[in-house]
Amino acid sequence: MEKFKSWVHVRLAFCKNIIPLTWRYFCTYFKSISYHQIILRDVLLLSHALEKGLIYNEPKPNWGIAKANSLFDKIEYLLNNNMTPTSFEIIEGLSVLEIYSIKNKQVQLSNKVLSLRKKYLIFDIYPAGRIEKTSSELFNYNDAESFIRSRRSVRFFTDRLVDENKILQAIDIANSTPSACNRQPCKVYYSIDTDTISEMGNFFLTAYRFETGIPQLLVVTSSLSLFSSDEYLQPLVNGGMYVSYLLLAFHSMGISTTPLEMVSFKAPEKDIRRKLGINDDEVIVSAIAIGYPMETNNLTCGARRSANDIAIKY
């Protein structure tokens with residue numbers, strides 16, 4: 001009888017909480033989202049895509065031309081529709097376009113960017129494109145602030161595997177992550193077998209280009225059943241915090257990482273679930289590429305917003 005009551009309670013709670021909250025979320029999303037905001041999002045995504053492409057030593061011929069022209073058109077649209085010329089998105093996008101046009105000898109695009117700067121009196125420039133850091137520079141820190149700021153996403157690794165004890169040590173450190181009511185909902189799937197690593201890497205080849213070979217890949221999940229239906233976002237909130245701690249744990253050990261975005265219910269998420277035997281109860285939060293950096297590493301500049309762009313005093 002108790003088991004039946006529990007079964008009924010969970011499903012009634014779902015109807016009471018999840019369905020109304022999901023409906024509210026989508027109603028709010030579709031009500032608040034505007035064409036202007038979609039263009040703004042696209043500017044950020046295109047800027048990052050171009051900047052990420054600039055780190056490769058052997059880019060594909062004529063790569064990024066369509067993205068670059070689209071980025072310029074979207075920036076021009078925003079400026080023509082009263083977007084503040086000094087906004088982060090505008091300066092970041094123009095800075096990336098300038099570096100891209102120079103590196104790829106796109107004279108016409110370069111002239112268009114210059115004209116736009118003159119028209120709207122945009123003089124600020126953010127660091128853009130790629131920077132090079134040696135392996136020792138990647139782990140050069142002496143206090144908490146410099147430790148956090150020194151952590152960078154590295155996309156190219158040596159063929160040296162991170163051994164199992166190191167992975168478990170990083171996971172043990174990351175287990176210090178705070179979680180709601182200490183529920184600790186996360187699991188980390190890993191492998192040290194080269195064949196399995198190669199097979200896992202194939203799931204990501206359409207979205208990520210591993211120029212120096214497929215790295216080791218971790219998959220971080222978070223349990224759904226440890227949270228009630230009115231806490232339906234908490235698996236991802238707690239999972240996101242865990243991923244951040246795990247990235248910093250590896251960084252403290254001289255091991256580089258980059259988180260790889262996962263999209264639920266699409267390939268490769270479904271394929272990875274089957275391969276790793278991930279339970280239906282677990283939501284995949286992120287995949288993480290780990291490895292030892294090259295002696296010299298190409299990184300995206302990845303300009304960051306100022307504190308004033310983020311902080312809202314109340």
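This is a predicted model: local features need pLDDT of at least 70, side-chain atom pairs count only at pLDDT 80 or more; totals for chains, interfaces and linings use all residues.
Colleague: What makes helix H8 (residues 164-174) and helix H10 (residues 234-252) oblique to each other?

Modeller: Their axes come within 8 Å and cross at roughly 130°. Axes are lines fitted to C-alpha atoms, for helices over the stretch in contact, and angles run from 0 to 180 degrees between N-to-C directions. Angles under 35 degrees count as roughly parallel, over 145 as roughly antiparallel, 65 to 115 as roughly perpendicular and the rest as oblique. H8 and H10, at roughly 130°, are therefore oblique.

Residues are numbered from 1 along each chain as its sequence is written, and side-chain values use heavy atoms, with hydrogens and water left out.

Colleague: Which residues make the contact of H8 with H10, and how do they divide by class?

Modeller: Contact means heavy atoms within 4.5 Å. Among the residues that make it are Ile-167, Ala-170 and Ile-171 of H8 and Tyr-242, Leu-246 and Phe-250 of H10. The residues divide into ten nonpolar, one polar and one charged. Here Ala, Val, Leu, Ile, Met, Phe, Trp, Tyr, Cys and Pro count as nonpolar, Asp, Glu, Lys and Arg as charged, and the others, Gly among them, as polar.

Colleague: Why are H4 and H5 called roughly antiparallel?

Modeller: The axes of H4 and H5 come within 9 Å and cross at roughly 150°. H4 and H5 are therefore roughly antiparallel to each other. Their crossing is left-handed. Residues including Leu-94, Leu-97 and Tyr-100 in H4 meet residues including Leu-109, Val-113 and Leu-116 in H5. By class, this contact has six nonpolar, three polar and two charged residues.

Colleague: What makes a set of residues a nonpolar core, and which residues have the most contacts inside the largest one?

Modeller: A nonpolar core is a set of buried Ala, Val, Leu, Ile, Met, Phe, Trp, Tyr and Cys residues joined through side-chain atoms within 4.5 Å. Buried means under 20% relative accessible area, exposed over 50%, partly exposed in between (1.4 Å probe, protein chains only). The largest core has 26 residues, and Leu-50, Ile-75, Ile-90 and Leu-97 have the most contacts inside it. Helix H2 (35-53), helix H3 (65-80), helix H4 (88-103) and helix H5 (107-120) each give two or more residues to this core. A second, separate core of 21 residues includes Ala-174, Val-243, Leu-246 and Phe-250.

Technical notes
Helices (H or I, at least four residues) and strands (E, at least two) are DSSP runs, numbered from the N terminus. A crossing is left-handed if the near helix is turned anticlockwise from the far one by less than a right angle, and right-handed if clockwise.
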